[in-house]
Amino acid sequence: MNWNIEIGKQITMVISVVVMILMAIKIRKIGKENLFFIIGYSFVNLNDIFCYFYFQSTGRSTDPFFVIGLLMIGFFLYLLYFFRLMYLPLLKKMQFIILILFVINIGVMFYLEDDLLHYFSFNMLYVDILLLLFSIILFLYQTFNSDKILDLNNYLPFWISVALLILFIGSIPVLYFRNTVSQNIYFFILFMLNLMSNGVLIFGLVRNKQDNRG
């Protein structure tokens, strides 16, 4: 398969910048309940952009930035976002437990894996994705049992959930088999997942109504 990995990374970065600009333009209509997602998305993608140019200019490993920026801060902000969205007492307590498990997982990974901050831990990534999946399931259960289901097209948190599912859940197979597929196929699939995820985000941002509440 003839796929230019560098061009794919550059296109992904440009699209993420477009999404961030759209978020900034529509910030007043997005609603405070989506603030932690905006911060998380912006932080993760700006970290990716920094890592890309840092590696291009120095040739040094960017794993520490991804471990801290994505696995620790990024996922924490996403989980905190869903915690803020929960208004049913039981679901909010369950989401709080997920946040506690996330923090515990960081401690466990520091204990089990040597020099965690200097190489990317896929084990930690899998656990983070699993916790995020549980969070999305709780949120969707809450959504589908409320009047929000009557106007999903205009409900931004729903589209954010779909975008995160596409990106992270969709990436599990290719991440698991990363050592058995070519780099071209690996990065092409990740590129397509990012493209679809950001496409869903753009759709949700365009359709979002100002009067939505979490």
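**Why these labels? A tutorial**

Student: Why is Lys9 called partly exposed?

Tutor: Its relative accessible area is 31%. Buried means under 20% and exposed over 50%, with partly exposed in between (1.4 Å probe, protein chains only), so Lys9 at 31% counts as partly exposed. A word on where this comes from: this is a predicted model, in which local features need pLDDT of at least 70 and side-chain atom pairs count only at pLDDT 80 or more, while totals for chains, interfaces and linings use all residues. Residues are numbered from 1 along each chain as its sequence is written, and side-chain values use heavy atoms, leaving out hydrogens and water.

Student: Where does Lys9 sit, and what is it in contact with?

Tutor: Lys9 is in helix H1. Helices here are DSSP runs (H or I, at least four residues; strands are E, at least two), numbered from the N terminus. Contact means heavy atoms within 4.5 Å, and beyond its neighbours within four places in sequence, Lys9 is in contact with Tyr52 and Phe187. The C-alpha atoms of Lys9 and Phe191 are 7.3 Å apart, although 182 residues separate them along the chain.

Student: What makes Phe37 and Tyr78 an aromatic pair, and of which kind?

Tutor: Rings of Phe, Tyr and Trp (its six-membered ring) pair if their centres lie within 6.5 Å; planes under 30 degrees apart count as stacked, over 60 as edge-to-face and the rest as tilted. The structure as a whole has 21 aromatic pairs. For Phe37 and Tyr78 the centres are 5.6 Å apart and the planes 25° apart, a stacked pair. It links distant parts of the chain, with Phe37 in helix H3 (residues 35–58) and Tyr78 in helix H4 (residues 63–85), 41 residues apart.

Student: Are those two buried or exposed?

Tutor: Phe37 has 2% relative accessibility, so it counts as buried. Tyr78 is at 3%, so Tyr78 counts as buried too.

Student: What kind of pair do Tyr81 and Phe82 make?

Tutor: Their ring centres are 5.1 Å apart and their planes stand at 65°, so the pair is edge-to-face. Both Tyr81 and Phe82 are buried.

Student: How do you know that the charged end of Lys92 sits over the ring of Phe83?

Tutor: A charge sits over a ring if NZ of Lys or CZ of Arg is within 6 Å of the ring centre and within 35 degrees of the ring normal. The charged end of Lys92 is 4.2 Å from the centre of the Phe83 ring and is placed over that ring.

Student: At what angle do H4 and helix H7 pack?

Tutor: H4 and H7 (residues 156–176) pack at about 145°, their axes 12 Å apart. Axes are lines fitted to C-alpha atoms, for helices over the stretch in contact, and angles run from 0 to 180 degrees between N-to-C directions. On the H4 side the contact is made by Phe75, Tyr78, Tyr81, Phe82 and Leu85, and on the H7 side by Pro157, Ile160, Ser161, Leu164 and Phe168.

Student: How many residues of that contact are nonpolar, polar or charged?

Tutor: Nine are nonpolar, one is polar and none is charged. Ala, Val, Leu, Ile, Met, Phe, Trp, Tyr, Cys and Pro count as nonpolar, Asp, Glu, Lys and Arg as charged, and the others, Gly among them, as polar.

Student: Why does Gly69 count as buried?

Tutor: Gly69 has 2% relative accessibility, so it counts as buried. Gly69 lies in helix H4.
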